Amino acid sequence: MSVVRIRGLVRRFTKKGVLDGIDLDIGAGEFVALLGRSGSGKSTLLRALADLDHEAEGSGDLIVPERLSVVFQDARLLPWKRVLDNVILGLDGAHARQRGLEALAEVELDGRERSWPYELSGGEQQRVALARSLVRRPELLLADEPFGALDALTRIRMHVLLRRLSATHNPAVLLVTHDVDEAIELADRVVVLDQGRIVADIRVALPPPGAARRERFAALQHEL
Ligand code: ADP
Ligand code: MG
């Protein structure tokens, strides 16, 4: 069953075409990496899915779930709200606080609920952003180079964390990245975008993340 269904998606800014007829389906719980060089249209596609592209012209059909969360390269926390209040922003109900605390524990930030965003490192802020996304129990998680601003060691830690979270919550994930290693490490399926078109869509039954998966993917590199 598809969670995302895209047909003939075209987007342009003034005269410049950016997405040139995209067809893509993403299944429930599927982890897809959208790989492509800078300027290939990755963010434009993600913004179209998140309904954040009102400045663009275009056509095509999009079906996305209502429960959808987005994570960007910068955590976009509200600086005047404490960590927990950032996580549960806009949620109401008696259980919001409890769920927020659970989400913070899942991203290994227990005890930091009363901290201010400026007291956290970049990686910690990004973990708050992940907690804020997951507390909404999304069917679809859209992530636009979420680890692009982090150092290499923090990024590896975030990979491990995201893998665990996606296994626990099992949303469909569309992770935008220009980093082949990141795509290899995380995704079940790699979709390659070039000049606004999908030029490869590699779906393989991969071994679990780790050395065996990297080896298997190395053999597939010529397809990328
Ligand atoms: P990527 O995320 O793959 O690096 P983008 O989707 O951000 O690529 O951009 C693709 C192209 O669309 C680029 O040439 C960029 O300059 C252009 N573009 C993106 N957003 C806008 C916008 N709001 N206005 C005008 N041009 C844009
Ligand atoms: Mg981008």
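# Ligand shell, sheet and helix contact in a predicted model

Guide: In this predicted model, the residues of the shell around ligand 1 divide into two nonpolar, seven polar and two charged.

Visitor: Which residues surround ligand 1?

Guide: Ligand 1 is surrounded by Phe 13, Val 18, Gly 36, Ser 38, Gly 39, Ser 40, Gly 41, Lys 42, Ser 43, Thr 44 and Glu 55.

Visitor: And which element gives the largest share of that shell?

Guide: Helix H1, residues 42-49, provides the largest share, with three residues.

Visitor: Let us turn to the sheet. What is the order of its strands?

Guide: The order is E2-E1-E4, in an open sheet of three strands with antiparallel pairing. Strand E2 (16-27) and strand E4 (57-63) are the edge strands, each pairing on one side only. From one strand to the next, the twist averages 0°.

Visitor: How many bridges link E1 and E2?

Guide: There are nine bridges between strand E1, residues 2-13, and E2, and the two pair in the antiparallel sense.

Visitor: Which residue of E2 stands opposite Leu 9?

Guide: That residue is Ile 22.

Visitor: Now the helices. At what angle do the axes of H4 and H5 cross?

Guide: The axes of helix H4 (residues 122-134) and helix H5 (residues 152-169) cross at roughly 10° and come within 11 Å. Angles under 35 degrees count as roughly parallel, and H4 and H5 are therefore roughly parallel to each other.

Visitor: Which residues make the contact?

Guide: On the H4 side they are Gly 123, Gln 126, Leu 130 and Leu 134, and on the H5 side Thr 154, Met 158, Leu 165 and His 169. By type, the residues of this contact divide into four nonpolar, four polar and no charged.

Visitor: What about Glu 145?

Guide: Glu 145 also is not a glycine, and its phi is positive, at about 45°. Its place is the loop between strand E6 (140-144) and H5.

Visitor: Is Glu 145 buried or exposed?

Guide: Glu 145 is buried, because 20 other C-beta atoms lie within 10 Å, and a residue counts as buried with 20 or more.

Visitor: And how many C-beta atoms lie within 10 Å of Arg 76?

Guide: For Arg 76 there are 13 other C-beta atoms within 10 Å, so the residue is partly exposed.

Key: Residues numbered from 1 in each chain as written. Chains lettered and ligands numbered in written order. Predicted model: local features only at pLDDT ≥ 70, side-chain atom pairs only at ≥ 80, totals over all residues. Pairing = 2+ DSSP bridges. Helix = DSSP H or I, 4+ residues; strand = E, 2+ residues; numbered from the N terminus. Axes fitted to C-alpha atoms, helices over the stretch in contact; angles between N-to-C directions. Near = placed C-beta within 6 Å. Nonpolar A, V, L, I, M, F, W, Y, C, P; charged D, E, K, R; others polar. Parallel < 35°, antiparallel > 145°, perpendicular 65-115°, else oblique. Contact = placed C-beta atoms within 7 Å. Buried ≥ 20, exposed ≤ 12 C-beta atoms within 10 Å, placed from the backbone.
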